[in-house]
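The sequence and structure come first.

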Amino acid sequence: MPVSKCPHKSEPLWKGWDRKAQKNGLRHQVYVVNGDRYVGEWKDNMKHGKGTQIWKKKGAIYEGDWKFGKRDGYGTLSLPDQETGRHRRVYSGWWKGDKKSGYGMQFFGPKEYYEGEWCGNQRSGWGRMYYSNGDIYEGQWCNDKPEGEGMLRLKNGNRYEGSWQRGMKNGPGRFFHLNHGQLFEGFWVDNVAKCGTMIDFGRDEAPEPTQFPIPKVKILDPDGVLEAALAMFKKTEEEEEE
């Protein structure tokens, strides 16, 4: 009795081509249609591991860690400098999900940079900012602005220590006028000192001391002043009741 054999099905050509096109492991330069290119490691057709990405339109270069197609881990981002024609580093630090997260250093200009914590591409946590005018802020950040407790040291040596909100002095704080040898301690609202006290502080060693020291104010009869104030307060309450 004759034995019939089923013909062997051949695999479609496109499956073999697709299998060969899948990127895994280390690859040489891989280009995309817009001109961007990548050199590095792959996993399951996604950038994964160590690699370098070059964006043609902006000329940006990222060198560092990747995880499933996104910048994740430690890496450096560089941009072309219009003046020199060379690339300059703008950020070195940690990334998560394609965004700056963790500790990193951002360069805003030749003399202006930030070093500290990031979250979702924004300065958040503890950090130190060096400004181009010579000022330095060190303290807490939130939503890319000073928020919480921090110190601003000006170029001339004067400094503010205290509370911040929305990038401005808000709440209790102290301002050291070291050039004049004075200290102001009080309360701020949107960078404006609303109330407080000023005392001499290292006036004898100050480079530009005030012409006269702040006189000491002393109440001769503190009990009498307090009694008069209480009497005035009670009188005001009685008038309001009537």
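The sections below go from the whole chain to its strands, turns, salt bridges and surface.

## Basis of the report

This is a predicted model, in which local features need pLDDT of at least 70 and side-chain atom pairs count only at pLDDT 80 or more, while totals for chains, interfaces and linings use all residues. Residues are numbered from 1 along each chain as its sequence is written, and side-chain values use heavy atoms, with hydrogens and water left out.

## Overall make-up

The protein has two helices and 15 strands. Helices (H or I, at least four residues) and strands (E, at least two) are DSSP runs, numbered from the N terminus. Of its 242 residues, 30% count as buried. Buried means under 20% relative accessible area, exposed means over 50%, and partly exposed lies in between (1.4 Å probe, protein chains only).

Accessible areas come from the Shrake-Rupley method with a 1.4 Å probe; for residues, only the protein chains shown count as cover. Among contacts (heavy atoms within 4.5 Å) between residues at least 6 apart in sequence, 7% join residues at least 24 apart.

Strand β4 (residues 61–67) and strand β5 (residues 70–80) run antiparallel and are joined by six bridges. Two strands pair if DSSP finds at least two bridges between them. I61 stands opposite S78 in β5. The two strands form a hairpin with two residues between them, and F68 in the turn has a positive phi of about 50°.

On to the next strand: β5 also pairs with strand β6 (residues 87–96), in the antiparallel sense and over eight bridges. Here S78 stands opposite R89 in β6. The hairpin of β5 and β6 has six residues between the strands, and G85 takes a positive phi near 80° there.

## Loops and turns

D81 is in the loop between β5 and β6. Its side chain reaches the backbone nitrogen of E83 at 2.9 Å and that of T84 at 3.5 Å. Not counting residues up to four places away in sequence, D81 touches R86, H87 and R88.

Most residues other than glycine have a negative phi. D98, which is not a glycine, has a positive phi of about 75°, and so does N121, also not a glycine. D98 lies in the loop between β6 and β7, whereas N121 is in the loop between β8 (112–119) and β9 (122–130). N121 counts as partly exposed because its relative accessibility is 34%. Another loop residue is G35, between β1 (25–31) and β2 (37–43). G35 counts as buried at 18% relative accessibility. The C-alpha atoms of G35 and K56 are separated by 5.6 Å, with the two residues 21 apart along the chain.

## Salt bridges

A search of the whole structure finds nine salt bridges. A salt bridge is a side-chain nitrogen of Lys or Arg within 4 Å of a carboxyl oxygen of Asp or Glu. In one of them, K50 meets D65, with the closest N and O atoms 2.6 Å apart. K50 is in strand β3 (residues 46–54) and D65 in strand β4, 15 residues apart, and the pair links distant parts of the chain. K50 is exposed, at 52% relative accessible area, but D65 counts as buried, at 14%.

R71 forms a salt bridge with D98, the closest N and O atoms being 2.9 Å apart. R71 lies in strand β5 and D98 in the loop between β6 and β7, so the pair ties together parts that are 27 residues apart in sequence. R71 is buried, with a relative accessible area of 13%, while D98 is partly exposed at 29%. The side chains of E115 and R128 also meet in a salt bridge (2.8 Å, N to O). E115 belongs to strand β8 and R128 to strand β9, 13 residues apart. Both E115 and R128 are buried. Salt bridges that share partners join E115, R128 and E138 into one network.

## A surface patch

Y74, W94, Y103 and W126 make a nonpolar surface patch of about 440 Å². Patches are made of residues with over 30% relative accessible area and no salt bridge: like charges are joined within 9 Å, nonpolar side chains (Val, Leu, Ile, Met, Phe, Trp, Tyr) within 5 Å. Y103 is in strand β7 (residues 99–109) and counts as partly exposed at 43% relative accessibility.

Note on methods
A polar contact is a pair of N or O atoms within 3.5 Å; within protein, one must be able to donate a hydrogen and the other to accept it, and residues adjacent in sequence count only if both atoms are side-chain atoms.
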